[in-house]
Amino acid sequence: DFSRNLRGTNDGKDFAVEFLQAIFNSIKSNEIILPDEHDNKHAFDYAWRELLLKTETVGDLVICNTNIYDADMFAATWKPIVSTLSYVFMSATDDAVFARIVTGFDECARIAAKYKNSDALDQIVYCLSHMSTLATANTFNTSLNTEIQVGDGSVMVSELAVKLGRDFRAQLATLVLFRVITGNEALIQQGWKQVVQIWVNLFVNSLIPSFAAAS
């Protein structure tokens with residue numbers, strides 16, 4: 001049937017029988033997998049056979065006790081890693097998961113700082129800033145801000161303070177954000193836009209002392 005279906009397709013002539021037989025045998029032993037068949041057992045078998053064939057042409061595995069590729073590996077993988085951490089952070093509900101995500105952000109920032117990867121640090125700062133809900137350019141209502149005496153000091157109760165106080169995820173993101181920033185100030189570039197916006201919002205709502213008072 002295979003050779004009969006191809007009659008006259010070679011510029012009006014038939015292909016050589018040996019040529020068609022070789023093609024038929026190749027297809028028979030190495031089945032063609034269509035895109036819509038990539039999620040079944042046949043696709044797995046095909047991929048496994050292809051992998052085995054490739055192992056016959058590669059050299060021996062050489063184990064190198066070196067970190068010379070770490071910077072390149074991080075540069076190639078940090079984007080999906082940070083995106084995944086951010087997604088899980090926003091959807092997590094378990095404390096253990098939050099703890100692992102915080103560790104993940106800390107480790108990513110540490111590696112980015114080690115290899116002076118400003119793009120990765122900027123993206124981490126960007127994600128944490130927006131998850132903190134404090135980097136918004138929208139103004140908060142300050143007309144009802146009330147200063148309450150607590151012991152020897154005072155606390156300003158504001159719309160922003162109440163909103164942040166009710167959002168554990170935003171509080172945690174803020175904590176991790178400034179932990180990432182500390183010590184890495186010289187490497188952060190575009191991320192300062194979000195950080196400054198957070199400072200402005202906190203200052204306007206009296207959630208940080210004035211610079212004059214702090215000095």
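Predicted model: local features only at pLDDT ≥ 70, side-chain atom pairs only at ≥ 80, totals over all residues.
## Helix 8 and its ends

A polar contact is a pair of N or O atoms within 3.5 Å, where, within protein, one must be able to donate a hydrogen and the other to accept it. Helix 8 itself covers residues 168-181, and its 14 residues reach 20 Å from the first C-alpha to the last, close to the 20 Å expected at 1.5 Å a residue. After helix 8 comes Gly 183, whose phi is positive, near 90°.

## The buried residues of helix 8

The residues of helix 8 that are buried include Ala 170, Leu 172, Ala 173 and Thr 174, and Val 176, Leu 177, Val 180 and Ile 181 are buried as well. Among the elements that cover these buried residues are helix 4 (70-91), helix 5, helix 6, helix 7 (159-165) and helix 9 (192-204).

## Asn 117, between two helices

Asn 117 sits in the loop that joins helix 5 (95-114) to helix 6 (118-131), and because its relative accessibility is 14%, Asn 117 counts as buried. Leaving aside residues up to four places away in sequence, Asn 117 touches Phe 74, Ala 75, Trp 78 and Ala 112. A polar atom of the Asn 117 side chain also lies 3.3 Å from the backbone nitrogen of Asp 119.

## Tyr 46 in helix 3

Tyr 46 belongs to helix 3 (residues 41-55) and is partly exposed, with a relative accessible area of 27%. Its C-alpha atom is separated by 9.9 Å from that of Ser 29, which is 17 residues apart from Tyr 46 along the chain.

Definitions and conventions. Residues numbered from 1 in each chain as written. Heavy atoms only, no water. Helix = DSSP H or I, 4+ residues; strand = E, 2+ residues; numbered from the N terminus. Buried < 20%, exposed > 50% of the residue type's maximum accessible area, 1.4 Å probe, protein only. Contact = heavy atoms within 4.5 Å. Expected span 1.5 Å × (residues − 1).
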